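This report describes a predicted model of a protein chain, taking the surface, the core, the pocket and the charged pairs in turn. The sequence and structure are shown below.

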Amino acid sequence: MSGRDLFCQPRRVRRGAALTLVFASVLVAGAATGSLPGPDRKTSPDAARPSVPLSHHEDVAEAARQAMADGKSPMEAAEHAVSRSGDRWGAVYSQGDYEEFERALDGRYTGVGLWARRERDGRVEVTRVRPGSPAAAAGIRKGDRLRSVDGRKVDGLPVTEVVALLRGDATDAPAGTTVTLGLQRGTRAWHETVRRASLSTDSVTVRRLADGVTVLRVDAFTKGSGDAVRTAVRQAPADDGVILDLRGNSGGLVSEAVTAASAFLDGGLVATYDVDGDQRALHADPGGDTTRPLVTLVDGGTMSAAELVTGALQDRGRAVVVGSRTFGKGSVQMPSRLPGGSVAELTVGHYRTPSGREVDGRGITPDLEVRQGDRQVLERAETVLSGLGDAD
C-alpha cells in the first residue's frame, strides 16, 4: 500500500503515474503524496525482496541487468518494464531519490510548503498550505490552481513531475533558491516567486475547541505520528470528544497508521492484506481509549494508510465517519534493490478493512456525507459528537 502523493513523495521517476500529491507534498513544498514515507512500507528494499512476487520483481531486475550489460541506463530500462507491467502504483527511484524519500519519512524536506493534487481533468490544485511556509507568506491558498512552475505548464503532468519542478530536482536546487509559480484563483491569474526552504513536518497537530472537543489533525503517517496521536488522546480532558481529521492525508507508514488506530482500540484487527497470495493481518495494540466519543473526518484526499485507519474505526463501530468518499488507494507496495543501485517499489497485493471490504478503486463511504466547506464539516462533526456523548 503506498500512500504517497504530494506530501512526502520525492520524485517518482516513472512517467505517467496518476498520483494525487499528498505525500509528495512534504518533499515538495511541504510536498508526500500522501506517499514518502516509504508509504506504507513494511521492510527495507533488500529485506523485502524474498517476500514479493518474484515474477514481477525479477522481470524489472532482469531489464535493468540487461541494460547494464548493453551499456544502457538500468534505471530507464526498469522504468519501461514497470510501465509495461500495468502496475499503476509501481515506481522506480534512483539511490539518491530513495534516500531522500526515507528522510521524508522522518519528517524532513526541502520545499515551499504546499500540498496539491492532480484532478481527473489533469489540472493541479493546491489542497493545503503549511502555515509559516514560503507558500503561505506569498498568499497562496487552498483551492488555487497551479498552472506552471518556472514557466513549464503542469496541466496533465504526473504529480511527481510537478513535485520535482517545485523542488528543483533537475538542478539539485538547495534551500534558498527561488521558483516561480503560475497560479489562478477564479478568473485571476498571476505569477508568484517564492524561495525554497528547509522545512520539518509536524504531521500531528492538536487543538481544543471551546465546547469540549479535541481536534487531532494528522497530515501524514510519518515516523512518530502514531505515538503522537496516542499521546494526544491520553492527554485530552476526560470529558472531551475527539475529532480525528484525516482529510488530505495521503497515507505514509503502515506501522504508524496501526499505532494511531491503536489509540482508539483495545487490540483486535485493523486490516488484512495479501502479499503474492499470502494473507496477513495487522492488529491494534491493546489498551486504547474505547469509550471516548470519536468522529473521523475524510475527503477525496484521504488515501492509503489513512483509509486503513478510517476503515478499521468504522468497521469496528469505534467512530462515525463524516465527510466525502475517500480516494480509494488500497494497494500494497514493497521495495527491492535493482542492479545499479536504484530501487523498485512494485504492487504485491491489496488490503481490506476488518469486515473484508476492498478499498482500492472504491474508497470508503462516510456514515454522514458532508460536502460543504471546512467550517460546516467541523460543525457537523461537533453535532455528531454531541449526540454520541448523550448516548453514553
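The accessible surface of the protein chain comes to about 15,200 Å², and carbon and sulfur atoms account for 45% of that area. Accessible areas are computed by the Shrake-Rupley method with a 1.4 Å probe, and for residues only the protein chains shown count as cover. Of the 392 residues, 60% count as buried (buried means under 20% relative accessible area, exposed over 50%, and partly exposed in between, with a 1.4 Å probe and protein chains only).

The model is predicted, so that local features need a pLDDT of at least 70 and side-chain atom pairs count only at pLDDT 80 or more, while totals for chains, interfaces and linings use all residues. Residues are numbered from 1 along each chain as its sequence is written, and side-chain values use heavy atoms, with hydrogens and water left out.

The chain has eleven helices and 19 strands; these are DSSP runs numbered from the N terminus (helices H or I, at least four residues; strands E, at least two). The largest nonpolar core contains 38 residues, where a nonpolar core is a set of buried Ala, Val, Leu, Ile, Met, Phe, Trp, Tyr and Cys residues joined through side-chain atoms within 4.5 Å. F221, V229, L244, F264, V270 and V309 touch the most other members of this core. Among the elements that each supply at least two of its residues are strand 11 (213-218), helix 8 (225-235), strand 13 (269-275) and helix 10 (305-315). Helix 10 gives the most to the core, with six residues.

V321 is found in strand 16 (residues 320-323) and is buried, with a relative accessible area of 0%. L294 is 27 residues away from V321 along the chain, and the C-alpha atoms of the two are separated by 8.8 Å.

The largest pocket has a volume of about 460 Å³. On a 1 Å grid over the protein atoms alone, a pocket is an open set of points where a 1.4 Å probe fits, with protein on both sides within 12 Å along at least five of seven lines; lining residues have an atom within 4 Å of a point. Of the 23 lining residues, R117, T127, K142, R247 and D299 are the closest to the pocket centre. Strand 4 (124-129) and helix 11 (374-391) each supply at least two lining residues, and the largest share, five residues, comes from strand 4. The lining divides into six nonpolar, eight polar and nine charged residues.

Side chains of opposite charge can pair when their charged atoms come close. The count of salt bridges comes to 20, a salt bridge being a side-chain nitrogen of Lys or Arg within 4 Å of a carboxyl oxygen of Asp or Glu.

| Salt bridge | N to O distance |
|---|---|
| R145 and D155 | 2.4 Å |
| D278 and R280 | 3.3 Å |
| R362 and E358 | 3.8 Å |

R145 lies in strand 5 (residues 145-149) and D155 in the loop between strand 6 (152-153) and helix 7 (159-167), so the pair ties together parts that are ten residues apart in sequence. R145 counts as buried at 18% relative accessibility, whereas D155 is partly exposed at 37%. D278 is partly exposed at 40%, and R280 is partly exposed at 27%. E358 is likewise partly exposed, at 34%.

Note on methods. Points joined across faces, edges and corners; volume = space filled by probe spheres on them. Nonpolar A, V, L, I, M, F, W, Y, C, P; charged D, E, K, R; others polar.
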